[in-house]
Amino acid sequence: MEVATSSARSRLSASFRAWWETASRPLRIFTVGGSTVGVSVLLIQVSGPDRLIFGLMAAGGILLTAAFLLDLYHAALRAWEWPLGKIVGTLGATMVVAVSMALASVTVKEATGIDPEHLSYAVTFLAPLMAGFLLTAGTMLVVVGVFVWFVIESVWGVLRWRFGSGTDAKPVNTDKVLIRLVGVFALALTTAVLFDIGQHSYNGVLTTTARRFTYHFEMYPNDACAFGGERVRRLTDDMVAIGRSTDQGLVFEQRPCALGETAQGTLGRESAGTDPAPDAATNPPDGRVDGDEAL
C-alpha cells in the first residue's frame with residue numbers, strides 16, 4: 001500500500017513539474033496567486049479574520065492582477081504590430097501626456113497659489129506622477145471593454161473548435177481563457193479598492209510634491225527681495241513669489257518688489273502707505289498659501 005501511494009505521489013510530482021516547465025509565465029504567476037488566495041480563504045474559515053491573513057490574500061490578489069496585466073501586455077504588443085494599433089496607441093499616449101500636463105498645472109496652482117506658467121519645471125516634474133494616476137483611473141474604465149473583448153474572443157475560440165473544420169479546428173487554450181476571465185475580475189476589484197482608498201492620499205502626495213519641488217528648485221535664496229530664510233521666484237518686474245519654511249509647513253505668498261529694490265525698501269514703502277494694495281486676484285486676502293510640514 002505504501003509503495004503504491006509513493007508511486008502515485010511520484011507520478012503526480014513528475015506531472016506537475018512537466019506542466020510547470022511548459023506553462024507560460026502568466027499562468028505560473030496566476031497559479032501561485034490563485035493558490036495564495038485559496039489558502040487565505042481556508043485560513044479565514046479555520047482561524048477567523050486576521051490582518052496577516054488578509055495581507056496574504058491581498059498578495060495573492062496582486063499576483064492574479066499581475067498575471068492578467070502580463071497577458072494584456074503581450075496582447076498590446078501584438079496589437080501594436082497592426083497599423084490601426086499604432087495609430088490608437090499614439091493618440092492615446094498623446095492624450096495622456098496633454099491631460100497630465102493640464103492636471104499638473106492645476107495641482108501646482110492649488111498647492112502654491114502661484115500661476116503655473118512661472119513654475120514650468122514643477123509642472124513638468126509632476127506630469128509623470130499625474131500620468132500614473134490617470135492610467136490607474138483609466139484602467140477602471142478600460143477593464144469593462146477588455147472583459148467583453150476577452151469573453152467574445154474566448155467564446156469564438158470555443159465555437160471554432162467545436163464546429164470548425166480543417167485549419168479552423170484548433171484546440172481551445174483553456175489556460176489563457178482562465179487567466180483572462182479571473183484576471184479581469186481580480187484587476188477590477190484591486191483597482192477599485194486601491195483607487196477608493198488611495199485617491200485622497202495620492203492627491204496629498206502630489207500636492208506635497210508640488211510644494212516641495214517649487215520651494216527647493218523653482219525658488220532661490222539670498223535675493224534682495226527676500227528676508228532671512230526666504231526663497232524668491234520673480235513673477236514680473238514688480239512682483240515676486242516668496243516661499244519660506246515654518247513650523248506649520250511651507251508657506252507661499254506674493255508681494256510687490258520692483259527690480260533693483262530690496263526687501264527692507266519694500267517694507268518701508270508699504271509702512272509709509274505709498275504702495276497700493278496688491279490685487280486680490282494675484283495676492284490672496286491672507287497673503288499666503290500654507291503647505292504641509294516643513295522638511
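How many residues does helix 4 have, and how far does it reach from its first C-alpha to its last? The first view below takes up this question. All views show a predicted model.

**View 1. Helix 4 and its end.**
Helix 4 spans residues 83–112 and has 30 residues. From first C-alpha to last it reaches 44 Å, close to the 44 Å expected at 1.5 Å a residue. Several of its residues are buried, including Gly85, Ser100 and Ala104. Thr107, Val108, Ala111 and Thr112 are also buried. Glycine 113 follows the helix. The phi of glycine 113 is positive, near 75 degrees.

**View 2. The whole chain.**
The chain has 7 helices and 4 strands. From the N terminus, the order is α-α-α-α-α-α-β-β-β-α-β. Buried residues account for 29% of the 295 residues. Take the contacts between residues at least 6 apart in sequence: 60% of them join residues at least 24 apart.

**View 3. The largest nonpolar core.**
This core has 21 residues. Val108, Ile114, Leu126 and Phe252 have the most contacts inside it. Helix 4, helix 5 (120–163), helix 6, strand 2 (239–246) and strand 3 each give two or more residues to the core. Helix 5 gives the most, with 6 residues.

**View 4. Leucine 126 and its partners.**
Neighbours within four places in sequence are left aside here. Leucine 126 is then in contact with Ala104, Thr107 and Val108, among others. Its contacts also include Leu206, Thr209 and Ala210. Ala104, Thr107 and Val108 are buried residues of helix 4.

**View 5. The disulfide.**
The count comes to 1 disulfide. Cysteine 225 and cysteine 257 form it, with their sulfur atoms 2.0 Å apart. Where do the two cysteines lie? Cysteine 225 is in the loop between helix 6 (174–218) and strand 1 (231–234). Cysteine 257 is in the loop between strand 3 (249–256) and helix 7 (263–271). The pair therefore ties together parts that are 32 residues apart in sequence. The torsion about the S-S bond is about -80 degrees, so the disulfide is left-handed. Cysteine 225 is buried, at 2% relative accessible area. Cysteine 257 is buried as well, at 1% relative accessibility.

**View 6**
The structure holds 2 aromatic pairs. One of them joins phenylalanine 125 and phenylalanine 213. Their ring centres are 4.6 Å apart and their planes are at 15 degrees, so the pair is stacked. Phenylalanine 125 lies in helix 5 and phenylalanine 213 in helix 6, so the pair ties together parts 88 residues apart in sequence. Are these residues buried or partly exposed? Phenylalanine 125 is partly exposed, at 41% relative accessibility. Phenylalanine 213 is buried, with a relative accessible area of 14%.

Phenylalanine 217 is exposed, with a relative accessible area of 59%. Ring pairs link Phe125, Phe213 and Phe217 into a cluster.

How values were computed
Residues numbered from 1 in each chain as written. Predicted model: local features only at pLDDT ≥ 70, side-chain atom pairs only at ≥ 80, totals over all residues. Heavy atoms only, no water. Expected span 1.5 Å × (residues − 1). Buried < 20%, exposed > 50% of the residue type's maximum accessible area, 1.4 Å probe, protein only. Disulfide = S-S within 2.5 Å. Core = buried A, V, L, I, M, F, W, Y, C linked by side-chain atoms within 4.5 Å. Contact = heavy atoms within 4.5 Å. Phe/Tyr/Trp six-rings, centres within 6.5 Å; stacked < 30°, edge-to-face > 60°.
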